Amino acid sequence: MATPYQSAARPVRLLGVASSLGAPIPGPAAGPRALQAGDLERALQRRGIRARWHSLLEVVSQDPAPADLPERLHATGQLLTELADQVAAIHAKDALPLVLGGDHSIGAGTWRGLARALAPQGKLGLIWIDAHLDAHTPATSHTGNIHGMPLAALLGLGDPALADIPGPRLDPAHLAIVGARSWEPEERALLESLGVRIFYMPEVQGRGLGPVLAEAIAHVRAGTVGFGVSVDLDSVDCARIPATTCLVPDGLDPQALADALHQLRSCPDLMGLEIVEYVPERDVDGSGARWVAEFACAALGPTTNQLRSRENAYGAHNYAPLPVVFTRGEGVWLWDVEGRRYLDMMSAYSAVSFGHGHPRLLHALTEQAQRLALTSRAYSNDRLPLMLERLSSLLGYDQALPVNTGLEAVETALKAARKWAYTVKGVPAGQAEIIVCHDNFHGRSTTIVGFSSEPQYRAGFGPFAPGFREIPYGDAEALEAAITPNTAAFLFEPIQGEGGIHIPPAGWLAQCADICREHQVLLIADEVQTGLGRTGRLLACDHEGVRPDGVILGKALGGGLLPVAAFVADETVMGVFRPGDHGSTFGGNPLASAVAAEALALLTEDKLCERSTRLGQYFLERLQALNSPLIREVRGRGLLIGMELDTRRVNARQAAESLLARGLMTKDTHDCVLRFAPPLVVDEAELDWAVKLVEDCLEDLARQNAPDPAPL
């Protein structure tokens with residue numbers, strides 16, 4: 001039986017063609033062999049593409065002395081005839097050819113061969129992404145320059161050595177050129193007279209490459225049975241990719257091109273991809289080869305459905321993710337594998353508070369990864385002490401115990417509280433109790449789910465550890481009533497995030513602090529989601545001027561790059577630990593420490609707490625001003641906001657999926673609340689865009705879920 005991997009998509013066959021017929025330098029002829037040696041095949045395989053090399057074609061004679069033009073054209077024509085035959089053969093085996101140049105003259109063979117293979121079913125369409133129009137001929141060009149002949153040859157024009165390669169001529173009505181910014185007047189006049197659709201660079205810059213490419217795809221698909229895409233690296237800004245033939249400035253941004261090419265994944269009628277003009281001798285830092293791989297992976301990688309099928313087949317079903325597969329993030333934006341862009345309103349539950357791929361955090365990560373990543377805590381490293389000092393000083397506590405995840409930090413706090421109760425408070429051995437709140441969410445270990453009030457989190461996972469008492473959230477009197485001489489600690493969330501963005505009554509936390517102090521009970525705040533600026537203060541407890549005895553941190557501490565968490569407390573609590581009491585192989589590793597220290601520096605230097613206060617208030621007021629019958633309440637603090645919906649009309653999961661389809665990523669909780677927690681680096685314009693999108697979404701949902709009319 002075929003596995004999802006085996007049936008995911010057509011296999012890809014790499015075909016290199018070492019040609020430099022029209023190039024002003026011989027360099028691109030070396031490109032295919034360099035890409036083969038650089039293991040392009042493995043790079044594609046790592047991204048889920050069933051790729052392998054088919055062949056590498058080269059001109060028989062590699063005489064360094066330039067031959068006369070007719071001889072060069074004849075030799076190239078023979079080479080491209082063989083190329084056309086091999087492309088047709090690859091297609092016949094139900095594989096997709098990835099043709100690598102060489103200069104762009106190889107296009108005369110690639111697409112003539114594919115057009116021949118498709119001819120029994122219909123016509124081939126073609127998208128030509130290039131700085132040049134590639135259509136002048138000796139008869140129409142005032143310079144006589146042969147460079148760019150392939151497009152003319154595909155239309156049946158120019159020298160017979162290329163124009164007469166066996167196969168149908170392309171129909172200019174099914175041809176689109178994207179990104180042109182350098183041409184001779186004659187070739188532009190020729191192509192426009194034939195009706196070729198040309199998206200010149202000013203149009204691309206004005207509309208964006210993604211929408212332009214989408215229109216180009218629609219154009220070449222109309223009336224064809226399949227289409228191909230030819231990417232000339234000359235189309236890209238030479239300042240970003242200098243490893244190309246003609247260094248024409250002001251070209252396409254390579255990342256924008258990669259993002260746009262992702263659209264091709266969802267096109268079952270994509271029949272071939274061609275990438276040309278890679279010049280290895282100019283690729284000093286290897287960026288050119290990396291971009292070739294990135295363009296190929298963007299276009300040919302697995303689709304959303306194929307990847308979700310693999311995840312469903314090989315992964316445990318402990319999540320029910322929304323129907324999207326992300327491949328890239330930058331700042332507050334995410335891109336899926338089909339090239340669609342989304343505004344991130346989740347921040348991975350605050351783990352991405354600094355935005356996706358923050359340059360300073362990436363630099364800290366890569367620099368440290370090249371030096372030292374892990375030794376275990378059996379030894380000291382030179383990064384952990386600096387991070388611990390910065391964290392403790394920033395929060396005003398004596399010591400910090402580093403671990404990996406928020407769950408581990410909660411477990412650490414529980415162990416500290418119990419041992420403190422026995423060694424300091426004098427609670428009898430095995431009798432310590434910890435008070436928690438209804439609707440809490442502190443993690444998913446068996447200990448933690450044992451004191452959860454959510455039935456699903458408990459079902460099937462007992463027996464559970466004793467020693468926990470549950471009280472209503474926001475009820476100080478209930479806390480005092482629950483305290484006994486054996487009570488070690490009160491564990492709470494300043495704002496219940498998973499519980500539905502529940503904010504306790506004003507003054508509740510200060511009352512709890514007084515009660516705990518009076519009864520010698522530790523006050524331990526779980527600030528895994530709310531800490532480090534999320535609510536507009538360094539800690540959410542700061543809103544009431546409360547200093548807990550211990551603070552649990554995670555999520556944002558890792559800068560969105562690594563799992564980093566910590567339990568922070570004074571020596572009176574932390575001093576109960578002795579060597580061997582608690583530990584973690586990865587906790588406090590130098591790589592995590594370097595990233596966490598830089599994240600803490602960013603938090604203060606960029607004044608992200610103040611930014612969260614200002615923009616959070618703005619965002620909250622804008623959302624509260626929405627007039628929708630579906631909204632019951634909008635509540636929050638800083639950039640942690642919940643929108644409670646009327647579940648008689650619509651549930652939050654349905655709303656989250658509707659927002660996702662519009663380009664906004666959020667998540668539901670408890671069926672009734674939508675969470676809005678963007679990275680702290682979000683700006684006002686992006687929040688305005690989000691509000692308008694939410695408004696439009698709710699209007700549509702209200703119409704779709706209108707209440708039944710009252711009976712007459």
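These questions and answers walk through a predicted model of one protein chain.

Reader: How many helices and strands does the chain have?
Author: The model is predicted. Its C-alpha trace spans about 100 × 80 × 50 Å along the principal axes. The secondary structure of the chain comes to 25 helices and 23 strands.

Reader: What share of the contacts in the chain with a separation of 6 or more comes from residues 24 or more positions apart?
Author: Start with burial: of the 712 residues in the chain, 57% are buried. Now take the contacts with a separation of 6 or more. Residues 24 or more positions apart account for 74%.

Reader: Which strands are the edge strands of the open sheet of eight strands?
Author: The strand order is 2-1-3-8-7-4-5-6, and the pairing is parallel. An edge strand here pairs on one side only. The edge strands are strand 2 (51-58) and strand 6 (197-200).

Reader: Which residue in strand 7 is the bridge partner of tryptophan 128?
Author: Strand 4 covers residues 124-129, and strand 7 covers residues 226-232. The two pair in the parallel sense over six bridges. In strand 7, the partner of tryptophan 128 is serine 230.

Reader: What angle does the direction of helix 9 make with that of strand 5?
Author: Helix 9 (residues 209-221) packs on the sheet. Its contacts there are with strand 4, strand 5 (175-180), strand 6 and strand 7. With the direction of strand 5, the helix direction makes about 160°.

Reader: Is asparagine 404 buried or exposed?
Author: Asparagine 404 lies in the loop between strand 12 (399-403) and helix 16 (406-425). Beyond its neighbours within four places in sequence, asparagine 404 contacts Pro563, Val564, Ala565, Ser584, Phe586 and Gly587. Its relative accessible area is 13%, and the cut-off is under 20%, so asparagine 404 is buried.

Reader: Which residue takes a positive phi in the hairpin of strand 9 and strand 10?
Author: Strand 9 (residues 326-330) and strand 10 (residues 333-336) run antiparallel, joined by four bridges. Two residues lie between the strands, and the positive phi, near 65°, belongs to glycine 331.

Reader: Which residue in strand 20 stands opposite glutamate 633?
Author: An open antiparallel sheet of four strands has the order 19-20-23-22. Its edge strands are strand 19 (631-637) and strand 22 (667-669). Strand 19 and strand 20 (residues 640-645) pair over six bridges. Opposite glutamate 633 stands glutamate 644.

Reader: What is the volume of the largest cavity?
Author: A search of the whole structure finds four cavities of 30 Å³ or more. The lining of the largest cavity includes Asp439, Phe441, Tyr457, Glu498 and His670. Its volume is about 60 Å³.

How values were computed. Residues numbered from 1 in each chain as written. Predicted model: local features only at pLDDT ≥ 70, side-chain atom pairs only at ≥ 80, totals over all residues. Heavy atoms only, no water. Pairing = 2+ DSSP bridges. Contact = heavy atoms within 4.5 Å. Axes fitted to C-alpha atoms, helices over the stretch in contact; angles between N-to-C directions. 1 Å grid on protein atoms, 1.4 Å probe; cavity = no way out; pocket = protein on both sides within 12 Å on 5 of 7 lines; lining within 4 Å. Points joined across faces, edges and corners; volume = space filled by probe spheres on them. Buried < 20%, exposed > 50% of the residue type's maximum accessible area, 1.4 Å probe, protein only.
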